[in-house]
Amino acid sequence: MIVRTTLRFRLAALTLVGSIAMLGAVASGCSSDEGGLDKVGCESTKQYFAENAWRIVEQKCIGCHNPQGQARDTNYILKGPAEAGFLDHNIDVIADLVAFEKDGKPLFLLKPTGQIEHKGGVLIEQGSEDYKTLVGLVTRLKDESTCAPNIVNSFTGVEMLSPRATLRKAALMLASRAPSAAEYQRVEEGGFSEVESILDELMTEEAFYTQLKVMYNDLFGTDFYLDGASDQLMDGPYAYPMWYETADKSLLSQYGLASTGDLERFTDVSLAREPLELIAHVVREGRPFTEILTADYMMVTPLSARSFGVQDEVTFKSASDPLEFAEARLPDFPHSGVLTSWVLWTVHNTTPTNRNRHRSRMIWYWFLGTDILRTATQPIDQTASNLINPTRDDPNCVVCHAQIDPIGGTLAAILEDGEWTAEPTWYPEMFPPGFGNETLSSTGLKTGTTWVAARIAKDDRFALAAVYNMYRGLSGQEPLVAPSDYEDEMYQAKFKSFLMQANTFRAIADKFIESDYDLKLVVKELVLSPYFRAKNAVDVTDAQAVALGEVGMGHLLTPVQLHHKIKAVLGTSWLAADGRPNLAADPRDLTRLGQFQLYYGGVNSVDVLKRITDPNGLMASVAQRMAVQMACKAVPADFARDDDKRKLFPLVELGGEEHDPLALEPETEGGLPIALAQDGIKEIIVHLHQHVLGEIYTVEHPEVERTYQLFVETWKEGNAALAYEQPEDDEEPEYEPTSADLPNNCRALADPSTSIPYDEDGQLVSDDKYVVRSWMAVLTYMLSDYRFLYE
Amino acid sequence: MERRDFIKMCSVAGLGVVSSGVPMSKLANAGDKDLFWVFVSAGGGWEHTHLCDPKGDTINSEDYAVNLDFAEGDIGVAGNIEYAPVVPFSKEFFDTYHPMTTVIRGIDCETNGHDTGQRNTFSGRLTENTPCFGALYAGAVAGKLPMTFITNGGYSYTGGVVAPTRIGNTAALQALIYPNRVTPNNEDSEKYLSDKSMIRIREALTARTEVMRDDQKLPRINNAMDLLYTSRLGMGEIAGLDEYLKYLEPLGNGMERQAKIILASFKAGLSQSATMSRGGFDTHGNSDQGTTNALDSLLRGVDALWKAAAHKDIDLADRLMVVIGSDFGRTPTYNAAMGKDHWSVGQMLLQTNPSNGIKGNRTIGGTTDTLKYRKVNPNTLELSDSGVAIRNSMIHKWFRKFAKIEDDKNVKLYPIATENEIDLS
């Protein structure tokens, strides 16, 4: 007789990421045995399942026990590694299964060993190593004292950033600015607790929302329509595509625009940015992140409100800002957050045969953390199918289509080019519209987006997907996929690497859910995790190196991130001669990218959609051009500032007196060292290492000495060149012609932030001691460095 | 200072010395006989019966015609290669290039998903995160070149083996070639810093990076430092790109421009492999017209590549290996929108001078009248019902052998397991 025992197993809440932040790399945890029954007390069942039993389950069970497999009608339905959270799902299923017993033995062991009927036959021999492993799993699943995966132990030997360094990195990446002195002071006193508080504050700044929109545009690609959105908007019940052509000209003066062309341009931006602004709005207002799918509104500006005919229904705070976004509702329209975003489904359009499958795939990817096409990496032979309806009936096809087609059907009201219809129809030969085990009624097609949005928002994988998306945005890396090549000699190490990350992300997702979907909490947890903070490790073996392969970011800043960092550190931006940014879009016209933006690996959301994340020779040249031009601009400009406003070259106190670094030369004209000046120069170098690169050194540090030598050698060469008389004959000159004047572009003639000219005394045009150019060399060096270009 | 040291120092400093005749990268990366590989991607899954597996409008064994826009009798022939007559340029293309072309028909692509299909076609593996052949090859043969792998789209995943390079607005190129010039286009321009200062900065950076790299034990960060270090090594040689681009002006647009930049970069010793791409092949609607337009553009792009390679100042036609492929093929039947959907059978074209060891003017493999793949004898490559299906894995296994990179440490990280092997030489 088969009986069900009382299950005592449950997954413990995983809340250890914060502990990692506090502890750094610490401790050894409990070790796993090989299926034995001792040491169960402190061991994570999930860890045991992942590291020992998953391999068996994947190889021997999942072939039949999947939603489309031969065992699809049983209660033992497993998920493959392509699906987000597959380990948690599978262990839950198995935990439930082991409760069913016959003669005191779980069916989970009896069936695959053929002790009772199993349609899949005998897969595991009693007494084999695999059997012992499964026995070990059963024992652990029945043990009440199981604990959560030991995340901290996974990162033993990894050196983490200090609270101060964590704050600097986070501030630059999230808020496009360096921390203030007061913020540093708070962290010095309060440690990571204060880092968390300051992160909360940073995430109220508009720069954070700009970053958030960049992250989601990298996913959605909706900036494609920054130019031309209104041209794509079809006539319809809620669409007035070319309203601006007949608009009252008073609108131009109201919004400070010059022409009808400006109205069109700003309307395009308003339409294209709608889904990104909705996401930013949800986070800014502190609402549950699930609202990005369930919002019963859309976002419009005063201009795009006219595109949808709701201009009289929306109230804006400003009467003159054409790009202020506010909530708007269309009448009798099933708003479903971004799932009813017109521009999103215009970019991701469909065809009569694609039938929303691409859109469904993207929903899986964006909101369910699953790249459904990964399930198609097993070989299929389409030509071997003679079935009339293979996507429904051929197992090769069903493996994807059973997942994709139902969600596609819930978008039936979204037509091919993103338009919405109140009278949708769907294809009866396809898997019916639905989600999971639920089917959407045929009368529900009109509101299918609302129906599916509510279900996705409640799905456990939605939280994981949000963690994945934030991780992508912060690190530029993809979340790891469980390896499946068991022949690979590094399989164990690769799986460990995956598992470390999966456990960390799962823990963050759980906290995200507990917080009622506070996205800022996800950002904070990621910032405090080893994936953001790891900076080095003790000596590691090859296998450990593979296991730690994704730890630590080594993230080449994107062009826009670098653009902001330059401004944050130097107080001035890298601009082209016409005043437009070199690495970011023109803020006055977002469709005009900086001249080096694509060279430096950026995207244009049109035909360049993937970022380059590793530098090549051309990108190195971009970095060098930036470094030399910004040094030229920033060094004289800083020296020209009032003493108390300098960022790079503050006065230094030497022998009880304050000295201007501009007056410090390391040697006399006769070559005798000036000790006091040398000390002052080194103090400035220490300051620059900290300010520009985030490095805290003492004056004795070898890196300070290296930088000092660069300064001194440049200064000596420069002074020799200044004194050098060029030969009149064909003799090769020893020095290039060198003037006491700074290059024209480098002269500080006006305040860089206000463009107001300095009076003559305040200008810096000459460098007769070659001190300015020596500091330019130092700054060029630092701006070209790994620690400036990467985070 | 010895000239050799000077060149090295200038290179480290990012100062162009290409006029010295031998690019620094060539000194560091021998291999004057290594081929330059270009992978041309027809993005979206091409309608392969509109290229080299034409069927025509004859009713087949299942009572339909695979093609409605041309008759079987109009199928073009160039040597031993058949081609569909729908793209006017195809006659000129195959008449010109058939002696150096191998067509592989009836490839069992093993997938009909775009991402997996592209990956399989251009890496030989269905598995996620497999670098494309172009990246593996560049890494194995010329990993230190500053722009060793150029991407113009298509499957270009590199897995960190090499850094991909994308070349944008060529008008801005001068500023990158001469980053220290105030006015990049003016060779007499004022400089921001002296050349000696720039060299000094570069030496300090190199020394600092080496210290940091030696101390860094986390592989991701160590690898990032390594890539930055490598990227700087050949900065000064970028001038060569500009030098050879001048011979190929006007650069044109689209694939023609891609082709010319690639060839100039090969010639300058900056790059070893590249991708070109043309989208528009995912023709779920109005397939015949859509495919015709896209194929015309694709063939003209490949033609531009060969013409640029043959330019007298480039002269690399004998060292070029071109692989033209797509995600997969398209269904034998039309759908209601006169489109064609995904089909897990495809084709690939290889083009190179036969003196490189690959015979031209031949067609390998085939499909039935309903576009099912036919098997081949793996030894003779003749059609054989008792043979094996040609798969991308087999093609790439052979690519790796042919290119002599199968023992490279990075290549070995991505093994290709095939029961059968073929020899395409």
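**Stop 1: two helices in chain A**

Select α17(A) and helix α19 (residues 395-410) of chain A: their axes come within 8 Å and cross at roughly 105°. Helices here are DSSP runs of H or I with at least four residues, strands are runs of E with at least two, and both are numbered from the N terminus. An axis is a line fitted to C-alpha atoms, for helices over the stretch in contact, and angles run from 0 to 180 degrees between N-to-C directions. α17(A) and α19(A) are therefore roughly perpendicular to each other. The scale behind that word counts angles under 35 degrees as roughly parallel, over 145 as roughly antiparallel, 65 to 115 as roughly perpendicular and the rest as oblique.

This is a predicted model: local features need pLDDT of at least 70, side-chain atom pairs count only at pLDDT 80 or more, and totals for chains, interfaces and linings use all residues. Residues are numbered from 1 along each chain as its sequence is written, and chains are lettered from A and ligands numbered from 1 in the order in which they are written.

Now show the side chains where the two helices meet. On α17(A) these are A:R357, A:R359, A:S360, A:R361, A:I363 and A:W364, and on α19(A) they are A:Q403, A:I404, A:D405, A:I407 and A:G408. Two residues are in contact if their C-beta atoms, placed from the backbone, lie within 7 Å. Sorted by class, this contact has 4 nonpolar, 3 polar and 4 charged residues. Ala, Val, Leu, Ile, Met, Phe, Trp, Tyr, Cys and Pro count as nonpolar, Asp, Glu, Lys and Arg as charged, and the others, Gly among them, as polar.

Next select A:R355, in the loop between α16 (342-347) and α17 (357-367) of chain A. Phi of A:R355 is near 55°, a positive value in a residue other than glycine.

**Stop 2: the whole of chain A**

Zoom out to chain A, which has 31 helices and 11 strands. Colour its domains: domain 1 (30-149), domain 2 (219-328), domain 3 (349-380 + 389-458) and domain 4 (632-789). Such bounds come from an automatic or database domain assignment. Between the C-alpha centres of domain 1 and domain 4 of chain A there are 67 Å. The C-alpha atoms of chain A fill a box of roughly 105 × 75 × 55 Å, taken along the principal axes.

**Stop 3: from chain A to chain B**

Which helix of chain B gives the most to the side that touches chain A? Begin with the totals: 69 residues of chain A are in contact with 71 residues of chain B. On chain B, α4 (114-123), β6 (164-165), α6 (173-177), α7 and α8 (219-233) each supply at least two residues of that side. The most comes from α7(B), with 11 residues. By class, the side of chain B that touches chain A has 33 nonpolar, 23 polar and 15 charged residues.

Select helix α30 (residues 771-783) of chain A together with helix α7 (residues 195-215) of chain B: they pack at an angle of about 40°, with their axes 10 Å apart. That makes α30(A) oblique to α7(B). Show A:A777, A:T780 and A:Y781 of α30(A) and B:S197, B:I201, B:A204 and B:L205 of α7(B), which make the contact. These residues divide into 5 nonpolar, 2 polar and no charged.

**Stop 4**

**Stop 5: the rest of chain B**

Chain B has 13 helices and 15 strands. Its domain assignment gives domain 1 (33-170 + 247-412) and domain 2 (193-233). The C-alpha centres of these domains of chain B lie 38 Å apart, and their contact takes 4 residues from domain 1 and 5 residues from domain 2.

Last, select B:P250, in the loop between α9 (239-245) and α10 (254-267) of chain B. The peptide bond from B:E249 to B:P250 is cis, with omega near 0°.
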